[in-house]
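I opened my notebook today to look up a few things about this fold. Here is what I went through, entry by entry.

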Amino acid sequence: MKEFKKLWPYIKPYKHSYIIVIALGLVMSACDTVVAALVRPLFDEVFTNKNSELKLTLSASIVGIYFIHGVARFFHSAQIKMIVEYICSNLRIDLQKKFIRLSLSYHSANSPAVSLSKAFNDIYNVQYGLWKIADLIREPLAAVFLLAW
């Protein structure tokens, strides 16, 4: 939690975008549940009972739901990429400013390549973690929706 408090000033300007990402994750999870709910009647009525009236309706509904799912996934991925890149670029800029302001004795005692490598590796870990926050919210929602159905 301490690390999150340090990152909060970087995340805060993008909290509304993160809410959009969560909403798109909610749409994706709901689409998965709706498709699961539509596949059962497709097999029961169309393939078992040979009800041809429902075949076109259910098939078109499933294709439409997957289209909505695909659009939501596209915007979800694009939005989270944008947020993560902005946050990480701001982190890189601040780290570079801090690195430049360090004393000459620090630069003499420590290799700049090692310091920069550690800093950029830490930023990569933050980037990966920010990506996973969106998954951490979306996947349990999908599980809850599927279990509730």
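**Entry 1: H3 against H5**

I began with the residues that bring H3 and H5 into contact. From H3 I listed His76, Ser77, Ile80, Lys81, Val84, Glu85, Ile87, Cys88, Leu91, Arg92, Leu95 and Phe99. They meet Pro112, Ser115, Leu116, Ala119, Phe120, Ile123, Val126, Gln127, Leu130, Trp131, Ala134 and Arg138 in H5. Sorting the contact of H3 with H5 by class gave me 16 nonpolar, 4 polar and 4 charged residues. I noted for myself that this is a predicted model.

Next I looked up the geometry. The axes of H3 and H5 are 10 Å apart, and the two helices pack at an angle of about 155°. Angles over 145 degrees count as roughly antiparallel, so that is the label for H3 and H5. Their crossing is right-handed.

**Entry 2: H2 against H5**

Then I turned to the other helix pair on my list. How do the axes of H2 and H5 cross? Helix H2 covers residues 15–48 and helix H5 covers residues 112–148. Their axes come within 9 Å and cross at roughly 35°. I wrote down that this crossing of H2 and H5 is right-handed.

On the H2 side, the contact is made by Tyr18, Val21, Ile22, Gly25, Leu26, Met28, Ser29, Ala30, Asp32, Thr33 and Ala36. On the H5 side I found Leu130, Ile133, Ala134, Ile137, Arg138, Leu141, Ala142, Phe145 and Leu146. The class count for H2 with H5 is 15 nonpolar, 3 polar and 2 charged residues.

**Entry 3: Leu146**

I picked one residue from that contact and followed it. Leu146 sits in helix H5. Not counting residues up to four places away in sequence, Leu146 touches Asp32, Thr33 and Ala36. Its relative accessibility is 38%, so I marked Leu146 as partly exposed. I also checked Leu146 against Ile93: the two are 53 residues apart in sequence, and their C-alpha atoms are 43 Å apart in space.

**Entry 4: His69**

Is His69 buried or exposed? I found a relative accessible area of 9%, so His69 is buried. His69 belongs to helix H3, which runs over residues 52–101. Leaving out residues up to four places away in sequence, I saw that His69 touches Met28, Cys31 and Asp32.

**Entry 5: aromatic pairs**

How many aromatic pairs does the structure hold? I counted 2.

Tyr14 is buried because its relative accessible area is 16%, and the cut-off for buried is under 20%. Tyr86, at 41% relative accessibility, counts as partly exposed.

Phe74 and Phe75 form an edge-to-face pair, 5.2 Å centre to centre with 75° between the planes. Phe74 counts as exposed, since its relative accessibility is 54%. Phe75 has a relative accessible area of 45%, so I put it down as partly exposed.

Methods
Residues numbered from 1 in each chain as written. Predicted model: local features only at pLDDT ≥ 70, side-chain atom pairs only at ≥ 80, totals over all residues. Heavy atoms only, no water. Helix = DSSP H or I, 4+ residues; strand = E, 2+ residues; numbered from the N terminus. Buried < 20%, exposed > 50% of the residue type's maximum accessible area, 1.4 Å probe, protein only. Contact = heavy atoms within 4.5 Å. Axes fitted to C-alpha atoms, helices over the stretch in contact; angles between N-to-C directions. Left-handed = near helix turned anticlockwise from the far one by under 90°. Nonpolar A, V, L, I, M, F, W, Y, C, P; charged D, E, K, R; others polar. Phe/Tyr/Trp six-rings, centres within 6.5 Å; stacked < 30°, edge-to-face > 60°. Parallel < 35°, antiparallel > 145°, perpendicular 65-115°, else oblique.
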